[in-house]
Amino acid sequence: MANLQSNLLDMFYMDTIASGETRLHNLDPRAKVMTTLIFVAAVVSFDKYEIAMLIPFFIYPAVMVAWAELPVVYLFKKMVVLMPFAFFIGMFNPVIDTDIILRVDFTDIVTRFIEVMRLVEINTVQDGIWLVEISGGWISFFSIMVRFFLTVGAALILISITGFDSVCVALQKFGVPKPFIVQLMFLYRYMFVLIDEASRMVRARSLRTFDSGSHMSFNLFIPMIGQLLLRTLDRAQRIHLAMCCRGFEGHINMVRKMNFGIHETLFVAVWSFIFIMFRLYNIPVQVGMLVTELFL
Amino acid sequence: MSHHIVQAENLHYTYPDGTVGLNEINFKIHHGESVALVGSNGAGKSTLLLHLIGSLISTKGNIRIGDYPLNRKNLKSVRRSVGMVFQDPDDQLFMPTVFDDVAFGPINLGLPESEVEQRVMQALETVGVSHLVKRSPHKLSGGEKRAVAIATVIATMPDILIMDEPSSNLDPASRRRLINLLKTFTHTKIIATHDLDMAIELCERTIILSNGKIAADGQTKELFQDERLLNMSGLEKPLTMQGCIVCSKQNFIC
C-alpha cells in the first residue's frame, strides 16, 4: 500500500515538474515531440553491436536536464524502475551469441607496466599474453542497455518538460488517430484514480489481516483483482455517461494555443543536425584520432 | 411552449434482474422551480435521475422535457438542455486539465474557440475557482473537484440542472459555499440528496421517494414536519427543525 501511495505521489511530482516555467517548458510541444522522435529514430537505427557511436547522444539528455533544471536523481530512479524490461530483452544475448567479435589486447600495456615497476624494484605479475575477448552477445546486450537509457531518458525528459496532455495534443496535430489519443489521455487521467482505488482495497485488506503476514495469498489476490476490474468497468460506464451528457460523440477536441515560431524551428533544426552528424560520423573515433595525433 | 418543464407520466422501470426500480411516478416540474428528491437508500432517486438524462429508458410511461417525450431519437437535443452533476466528481472530470474539462461541453456544442474560452472562464468564475484553470483534476481537493464539476455543466448553459448528492463528502465550509452558489442559480433544479437541511434552504418543493414510488410531493417545510411520513420513508427530521439538544427548545424554521 505504501508503495502504491508513494508511486502516486511520485507521478504527481512529474506533473509538477512539467508545469515549470523555463524557456524549454514554454516551447511549442510539437517541436519537443518532433526532436525526441528524431533522437529516438537516430538511436535505434544503429547496428546491434554499436556502442561507441551511441555515446555522443548522451549530450542531448544532459543538455535538456541542465537547461530545464530537471531533478536528475528522480529521473534516474524512474529509469531504474523500468530497467528490468530492457534487461530481460537482452539477457539471453550473451548465451545465444557467443562468437567473439571484440579482442582487446592489453599485452603491450601490461608489459610496459611490468617494466616500469621493475625499475623501482617491485615484482608484479609474470610476463604473458593479456587478451580480453568479448562475445557479440555481451556487446549487443550492452548496446540494448545504452539505447534503453537514451530512449527512455528522452521520453521521460519530454514528458517532464511538456506535460503528458500537451504531448497528446502534439501527437494529435501530427495526425495520430484520435481514438489512440483518447486512450492515452484516459489512461493517464484514470491511472491516478485506479491506483487510489487499488490502494484503498489493499489498505482495507491489510487492516484486517493483522499479523498473518504482509504477503497477499494467491487465493485472495484473484478476487481482489476481479473486484478491481468490476469497479473499473462500473466507473467506465459512469464516465461514459458523464461524457454523453456533455455531447460526446466519439472524439475529443481540445483548445490549445500553439505557436511554432522561430525558436521552435531553430530548436528542431539544430538538434536534428547534431543527431544526423552523430549518426553519420563516428565521433568517438574522430576524437580519439585527434587526441592521438595531438599527443603522440 | 417551454423547454424547461420536466414531466414524468406514469413512469415504471424494472431492472433486468426483476427488481422494481420505479413504480407509477408522476410529477411536473415547472420552469425555475427547485425540487429536492429525497428518500432512503435504494428508494429510486438515482434510477429516476438516470431516466431524466435518458440513460435508462422506462419500461412503461414516459418523461417529457419541454414539450417532447424523451426517447432515443431526441436524446442528443434533450441533453443540450439538461445538465447533470454526478455524485462522484472523478466520474465527471475526465480531461487532463480543468480548462479542458470545462471546455469539453462547449466544444461539443460547436462553439468557436474564442467563445469556448469565454464560457470556460465565466463558468469557473461563477463557481469561484478560476485560479484552478490550469490544474489537473486529480490534484484538486474534494470541494474544488465538486466546484469544477458544477462548472463543467453550467458552461454548457443548460436550462435544467440535475444534481446527485451535491453536498456529499464536503466539509462544512465547502458545503456552505455550494449552497450559497446554488441559491444564485435561476435554472430549474432537481437535487437528489440525503442532506435535508440543504433541501430546506434550496428547494421550496420536495418529492419523497419510497420503494420506487412517490410517497409525498409538496412544500418542503410542510413535508419535513410530518415525522410519520419521514419515518416511513426512512428519513429523519432535518437538524434545523429538531429541538435544541442543550435547552430542548424548538429551533423552528419559519
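User: Which residue stands opposite B:I190 in strand 8 of chain B?

Analyst: In this predicted model, B:V35 stands opposite B:I190 in strand 8 of chain B, where strands (E, at least two residues) and helices (H or I, at least four residues) are DSSP runs numbered from the N terminus. Residues are numbered from 1 along each chain as its sequence is written, while chains are lettered from A and ligands numbered from 1 in the order in which they are written. Because the model is predicted, local features need pLDDT of at least 70 and side-chain atom pairs count only at pLDDT 80 or more, whereas totals for chains, interfaces and linings use all residues.

User: How many bridges join strand 7 of chain B to strand 8 of chain B?

Analyst: Two strands pair if DSSP finds at least two bridges between them. Strand 7 (residues 160–164) of chain B is joined to strand 8 of chain B by five bridges, and the two run parallel; here B:I162 stands opposite B:I190. Strand 3 (residues 34–39) of chain B also pairs with strand 8 of chain B in the parallel sense, over four bridges.

User: Is strand 8 of chain B buried or exposed?

Analyst: A residue is buried if 20 or more other C-beta atoms lie within 10 Å of its own, exposed if 12 or fewer, and partly exposed in between, with C-beta atoms placed from the backbone. In strand 8 (residues 188–192) of chain B, five of the five residues are buried, so the strand is largely enclosed by the rest of the structure. B:T188, B:I190 and B:A192 point one way from this strand, B:K189 and B:I191 point the other way, and all are buried.

User: What is the order of the four strands that form an open sheet in chain B?

Analyst: The order is 2-1-4-5, and the pairing is antiparallel. The edge strands, each of which pairs on one side only, are strand 2 (20–29) and strand 5 (68–69) of chain B. Strand 1 (residues 6–14) and strand 4 (residues 60–65) of chain B pair in the antiparallel sense over five bridges, and the bridge partner of B:E9 in strand 4 of chain B is B:N62.

User: Which residues touch the most other members of the largest nonpolar core?

Analyst: A nonpolar core is a set of buried Ala, Val, Leu, Ile, Met, Phe, Trp, Tyr and Cys residues joined through C-beta atoms within 7 Å. The largest one has 75 residues, of which B:L37, B:L52, B:V102, B:V148, B:A151 and B:I162 touch the most other members. Helix 6 (residues 142–154) of chain B supplies the largest share of this core, seven residues. A second, separate core of 30 residues includes A:A18, A:L24, A:L27 and A:A170.

User: How many residues of chain B are in contact with chain A?

Analyst: Two residues are in contact if their C-beta atoms, placed from the backbone, lie within 7 Å. By that rule, 26 residues of chain B are in contact with 24 residues of chain A. On the side of chain B that touches chain A, helix 3 (89–92), helix 4 (98–108) and helix 5 (113–126) of chain B are the elements that give two or more residues, and helix 4 of chain B gives the most, with six residues.

User: What is the phi of A:E69?

Analyst: Most residues other than glycine have a negative phi. A:E69 has a phi near 55°, a positive value in a residue other than glycine, and lies in the loop between helix 4 (59–67) and helix 5 (72–90) of chain A. A:E69 is exposed, with 12 other C-beta atoms within 10 Å. B:M157 likewise has a positive phi, near 50°; B:M157 is placed in the loop between helix 6 and strand 7 of chain B and is partly exposed, with 16 other C-beta atoms within 10 Å.

User: How far apart are the end C-alpha atoms of helix 8 of chain A?

Analyst: The expected span of a helix is 1.5 Å times one less than its number of residues. Helix 8 (residues 136–162) of chain A has 27 residues and should span 39 Å, and its end C-alpha atoms are 38 Å apart, which agrees. Just after this helix, A:G163 takes a positive phi of about 90°.
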